[in-house]
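Here is a short briefing to read alongside the model. Take a moment with the sequence and the fold, then follow the points below.

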Amino acid sequence: METPSTPDSNREERINKLKRAFAYNLFYKQGITARNASLNDLYLSVAQTLRDRMQHLFVNSVEALNERESKIVCYLSAEFLEGPHLHNNLVNLGLYDDFLQAAEETGLNLRELIEHEEEPGLGNGGLGRLAACYLDSLATQQIPAIGYGIRYEYGIFDQEIVDGWQKEISDRWLHPGNPWEIKKPDLSCDVWFGGYTETYVTDEGYRRVRWVPARAITGIPYDTPIPGYKVNNINLLRLWSAEAHSSFDFEDFNRGDYYGAVEDKIQAETITKVLYPNDEQFMGKRLRLEQQYFFVSCSLQNMLNIHLQLNDNLDNLFDDFAVQLNDTHPAVAVPELMRLLVDVHYYDWDHAWEITCKTLNYTNHTLLPEALEKWQIDLFGSLLPRHLEIILEINHRFLESVRQKYPGDEERVARMSLIDESGPRYVRMANLSCVGAKNINGVAAIHTELLRKHTLADWNTMFPGKIRNVTNGVTPRRWIAVSNPRLTKLITEAIGETWLTDLDELRHLEKLAEDPAFIEAWDKVKFDNKQEFAELIRKHQNVIVDPHAMFDVQVKRIHEYKRQHLNVLHIVTLYNRIKADPTLDITPRLFVFGGKAAPGYFMAKRIIKLITSVGEVVNNDPDMKDRLNVFFIPNYNVKIGHTVYPMTDLSEQISLAGKEASGTGNMKFSMNGALTIGTLDGANVEIREEVGAENFFLFGLTVEEVMETQRAGYTPREYYHNNEALKEAIDLIGSGHFSNGDQALFRPITDSLLNDDQYMLLADYQSYIDCQEQVDRSYRDRHNWTRLSILNSARMGKFSSDRSIRDYCKKIWEVEPFPVDLKWQRLPEGGVYFRYRS
């Protein structure tokens with residue numbers, strides 16, 4: 001995106017146009033004057049002003065694609081955790097300073113408006129946040145793309161902490177209004193469920209299958225533009241909302257059946273009502289499968305319609321579209337694309353299968369067997385009878401090829417089958433994705449290696465080279481420029497601004513890591529960020545924290561494999577040491593936790609209660625004053641992440657080696673200058689390689705040691721009995737010391753650790769404690785700690801999502817950048833100039 005060399009380049013004129021646009025949108029779109037406007041009215045008027053400017057670029061991008069064909073990436077994900085749009089879009093469009101001045105001259109507080117924005121909670125965590133980073137980088141790298149997902153009416157729940165327990169509150173993110181989306185009812189799609197299939201013979205004598213559904217609903221797309229950073233390309237996030245074919249039945253109403261009159265509407269809209277229901281109950285599982293099929297079917301239908309606008313047939317679909325399945329949630333795309341090709345567009349099976357396998361690609365995000373999605377075959381067949389037939393046919397043909405290649409190896413056949421027949425029959429969605437995808441990729445080097453050797457070993461043997469690695473990345477625009485403006489300013493003044501699109505440029509900071517003046521400036525940025533966070537804690541929790549203390553942070557989804565309770569064992573160990581010797585000299589620390597537990601995950605919710613209970617005791621013990629504080633951030637989300645990553649000194653990445661696929665929080669922390677304590681798990685391995693082993697606090701068993709220990713027979717009680725400090729920590733938790741004498745409250749946690757310890761906390765405990773002592777010593781040398789902080793940021797270039805997208809383009813999608821060329825043209829609404837196509 002270039003600065004205009006026309007009269008509109010005059011800053012004063014641009015500012016005046018923005019001020020007029022604020023007033024125009026407030027009066028004509030919000031229907032209110034400034035005197036009576038609420039904060040939300042003012043936010044909407046400013047956001048609409050920005051969206052109007054984005055819309056010109058978006059329409060132009062579409063027109064350019066229509067005029068000159070390019071391959072389009074279609075990113076199918078059940079989650080897109082975009083975060084607030086206003087600040088990020090202002091940064092990407094290079095309009096932040098203009099909007100800031102226009103707001104100030106209008107009497108508005110732009111920061112207050114940015115803080116007011118409701119966050120779209122359309123994801124549970126890392127999966128959705130990764131998808132959002134990739135949309136940002138696709139646009140910035142000028143790769144045409146559409147992100148397809150679900151427009152959940154209620155996103156991930158808002159979390160309140162009541163008496164130390166998580167309480168879930170519905171997330172009404174749409175209630176204040178969403179100025180970024182545009183409803184496109186003319187692009188609606190019909191989606192079918194249930195019913196039965198029947199065979200018929202066409203007039204030409206071909207035998208075909210017809211699906212006769214029990215019910216049909218309509219998918220309505222809502223489009224949100226996604227701008228790249230200072231480029232003319234704008235991509236699209238298209239989210240589908242479910243509606244009934246007919247919202248009101250007058251016959252039922254006239255008979256007095258008022259519920260029946262709107263029953264179809266209620267049932268249809270349930271599908272996109274809420275993000276991922278608790279799937280422990282049968283209806284929860286059913287609704288989740290309905291959600292997955294609904295958005296996949298809408299997305300594929302839409303994709304085929306786009307293709308057929310410019311082509312006579314679907315023969316070369318894979319030349320125009322590369323479809324990425326973000327984990328197994330969109331795996332039903334395999335049979336759905338086959339259904340559309342065979343049943344709707346009348347392709348023969350072999351040709352349809354060739355198109356399908358050249359179009360789809362699959363990203364695996366987990367090594368945990370229990371997280372590999374599968375569906376009971378009866379449930380699947382009752383909802384999607386035609387798709388079950390197609391899956392069984394795919395499986396029959398595929399297993400024949402397995403038997404031909406590995407004759408007599410029926411164990412391999414059983415492992416690779418799309419149907420799990422070891423007990424109750426299930427459809428294996430990971431296997432379905434593997435057989436229908438052109439490429440499979442892991443998301444970190446160690447994760448991909450473990451996929452090849454263990455989780456997907458059979459597939460790697462049969463299809464060598466099909467499993468590739470694309471290490472995850474995060475966008476530096478949101479996770480440095482937006483979230484850490486102080487650091488952004490310091491870096492840009494030191495090395496220029498090109499690092500925001502070429503993160504390898506941060507390497508120029510290495511030479512400044514020896515410059516005392518730069519070290520002092522870097523340390524001040526960190527201190528100011530910490531002071532800002534400390535003030536937030538004081539306001540909201542009435543906890544006084546010294547910003548000179550080490551800020552030790554673990555924010556992520558609460559799960560046993562993330563091992564937040566290992567962190568707690570360290571806190572309790574320090575607590576015991578101080579109680580035993582109140583004069584003990586330790587580095588003061590603020591331990592910060594944040595994250596949500598799945599509503600039905602008993603143990604995760606109990607871990608939150610353990611953290612808050614330990615915090616209550618520690619924070620109120622006079623012996624801990626100015627030494628230890630524990631703080632749990634309620635309702636951790638993207639917006640809160642903007643504050644957390646910049647203020648962190650120590651990043652806790654402590655999952656058991658071999659359990660985390662990649663992680664992306666580890667990258668955000670390091671980019672913002674935090675040092676990492678972690679295991680050789682996920683992307684930690686590559687982060688350590690990049691920043692240097694001497695700049696990473698490593699502890700714990702390796703993947704090989706974990707496997708060997710488990711094979712030998714892991715007995716957690718041996719560690720408990722042989723380690724006095726560990727025994728004291730667990731015993732203190734079990735004694736009721738942190739639970740007002742209630743010895744039963746945390747027994748499920750202590751019993752799990754002593755009798756099972758699936759994630760081997762006790763095996764890693766002493767290594768973790770020793771490593772934390774090294775951290776303590778290192779932090780005391782503030783000059784050297786800050787030097788290491790600079791080096792961590794300087795060496796994080798690999799972990800930009802821009803690099804990830806370039807890797808996908810080269811290894812997976814075979815897509816080239818598509819820069820949008822524009823020319824000057826005067827447009828309506830205040831006569832704003834934009835560069836427009838010839």
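How many salt bridges does a search of the whole structure find? The search finds 58 salt bridges. Please keep in mind that this is a predicted model.

**Salt bridges**

- Within helix α1 (residues 11–29), Lys17 and Glu13 sit four residues apart, about one turn of the helix, and their side chains form a salt bridge at 3.7 Å, N to O. Lys17 is buried at 7% relative accessible area, whereas Glu13 is partly exposed at 30%.
- Asp223 and Lys184 pair through their side chains at 3.4 Å, N to O. Asp223 is buried, with 4% relative accessible area, while Lys184 is partly exposed, with 24%.
- Arg215 and Glu290 meet in a salt bridge of 2.3 Å, N to O. Arg215 is in strand β9 and Glu290 in helix α9 (residues 282–310), so the pair ties together parts 75 residues apart in sequence. Here Arg215 is partly exposed at 25% and Glu290 is buried at 7%.
- A network of salt bridges links Arg507, Glu510, Glu690, Glu694 and Arg795.

**Cysteines**

- The disulfide count comes to zero.
- Cys133 is buried, with a relative accessible area of 1%.
- Cys434 is in no disulfide either, its nearest cysteine sulfur being that of Cys357 at 12 Å. Cys434 is buried at 0% relative accessible area.

**Crossing of α22 and α29**

- Helix α22 (residues 564–580) and helix α29 (residues 724–734) have axes that come within 9 Å and cross at roughly 100°, which means that α22 is roughly perpendicular to α29.
- From α22, the contact uses Leu569, Val572, Thr573, Tyr575 and Asn576; from α29, the contributing residues include Leu726, Glu728, Ile730 and Ile733. The residues of this contact comprise nine nonpolar, two polar and one charged.

**Tyr229**

- Tyr229 is found in the loop between β9 (215–227) and β10 (234–244), and at 8% relative accessibility it counts as buried.
- Leaving aside residues up to four places away in sequence, Tyr229 touches Val91, Asn92, Thr140, Arg477, Leu500 and Thr501.

Note on methods
Residues numbered from 1 in each chain as written. Predicted model: local features only at pLDDT ≥ 70, side-chain atom pairs only at ≥ 80, totals over all residues. Heavy atoms only, no water. Axes fitted to C-alpha atoms, helices over the stretch in contact; angles between N-to-C directions. Helix = DSSP H or I, 4+ residues; strand = E, 2+ residues; numbered from the N terminus. Parallel < 35°, antiparallel > 145°, perpendicular 65-115°, else oblique. Contact = heavy atoms within 4.5 Å. Nonpolar A, V, L, I, M, F, W, Y, C, P; charged D, E, K, R; others polar. Buried < 20%, exposed > 50% of the residue type's maximum accessible area, 1.4 Å probe, protein only. Disulfide = S-S within 2.5 Å. Salt bridge = Lys/Arg side-chain N within 4 Å of Asp/Glu carboxyl O.
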